[in-house]
Amino acid sequence: MANLVIKNTGSWYTVLTEGGETVECKIKGNFRLKGIKSTNPVAVGDHVEIIRNQEGTAFINKIHDRKNYIVRKSINLSKQLHILAANVDQACLVVTVANPETSTTFIDRFLASAEAYSVPVVLLFNKTDLLDEELQHYQDMMVNLYETIGYQCIQLSAQTGYGIDKLKEILRGKITLFSGNSGVGKSTLLNSLIPGLNLKTSAISDAYNLGQHTTTFSEMIPFPETSGPPLTPPQGGGQSLPDGINSPLVGESEGVSWLIDTPGVKGFGSFDMKPEEMSSYFKEIFHFSKDCRFSDCTHTHEPGCAVLKAIEEHYIAESRYKSYLSMMEDEDDNKYREAE
């Protein structure tokens, strides 16, 4: 099994070696992945080869083929992407219907991006304890919508522990990326899953009802319901993972679990998604598109469009179709788009 990138702080990467120690690494200046215009050519979850130096650190000189990865478009460099993580088994998108509200556009953009890169998604509806009867009804409707499409949904509360046991069941033995808007309680949720983790959390801004960024880098965190050799302290002045958490190498045994914490994101822009392929990233639209009169139907105006008919008959939610149209427009201006 190759060495595993477990943390990315920008210029440095923490790599878990085959021997169970962690080493701080940099990328050689001429090392870039062919065919991928990325702000971070190496991502958390990558399997890499390293060359150690006399200072106790190392250089990453090779990256192994990825089974998948999930990306978002870079905010400042619109023609580049940022890889959130690679080689994941699933992604958990943490959303909230209030305090702050996660828009359906953001949810749909994340789901479409995950579909494009073959990453299964579970939707985690957090802060259930803060909902009144009306908001709970709205959340139930959202859960029904996405479950009907085919996505697993879990209603939970990181504060009270409601739903946490159900979440733990789907995390066992898997590498899971956690993502979501700032303020949805992702760090609080991870703290409740891993005692002693103590990720920094922040209150919601009263002025704007928005979250504040508390995670500034991506990191793989071993899920404690596994066994294995403890990590040795990283070489080169790095930091070790939380005390008391043992961390087996991925692939050493069955049941190895990792959680990947990522910075909060405001929106998802499509990247390298052609308009003619967009419908395949929306499960229900793809389902009905098979009955369209024209094989190259864009599902916007064509006669005999089965998708437009399904929308009229309420088999496809208008919110999902709106998200589909917004992603179709991305190709025109090739820009990063915040969730509406």
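Guide: Let us begin with one side chain in this predicted model. Arg52 has a relative accessible area of 44%, so this residue counts as partly exposed.

Visitor: Which residue forms a salt bridge with Arg52?

Guide: The partner is Glu21, and the closest N and O atoms are 2.8 Å apart. This pair links distant parts of the chain, with Glu21 in strand β3 and Arg52 in strand β4, 31 residues apart. Glu21 is partly exposed, at 23%.

Visitor: How many salt bridges does the rule give?

Guide: The count comes to eight. Another of them pairs Asp108 with Arg320, at 2.9 Å between the closest N and O atoms. Here helix α1 holds Asp108 and helix α7 holds Arg320, 212 residues apart. Is the pair buried or exposed? Buried means under 20% relative accessible area; Asp108 is at 0% and therefore buried, and Arg320 is buried at 0%.

Visitor: Which residues have a positive phi here although they are not glycines?

Guide: Asn87 has a phi of about 55 degrees, and His314 one of about 65 degrees. Asn87 sits in the loop between β7 and β8 and is buried, at 7% relative accessibility. His314, in the loop between α6 and α7, is exposed at 66%.

Visitor: Where is a peptide bond cis?

Guide: The bond from Asn99 to Pro100 is cis, with omega near -5 degrees. Pro100 belongs to the loop between β8 and α1.

Methods: Residues are numbered from 1 along each chain as its sequence is written. This is a predicted model: local features need pLDDT of at least 70, side-chain atom pairs count only at pLDDT 80 or more; totals for chains, interfaces and linings use all residues. Side-chain values use heavy atoms; hydrogens and water are left out. Helices (H or I, at least four residues) and strands (E, at least two) are DSSP runs, numbered from the N terminus. Buried means under 20% relative accessible area, exposed over 50%, partly exposed in between (1.4 Å probe, protein chains only). A salt bridge is a side-chain nitrogen of Lys or Arg within 4 Å of a carboxyl oxygen of Asp or Glu.
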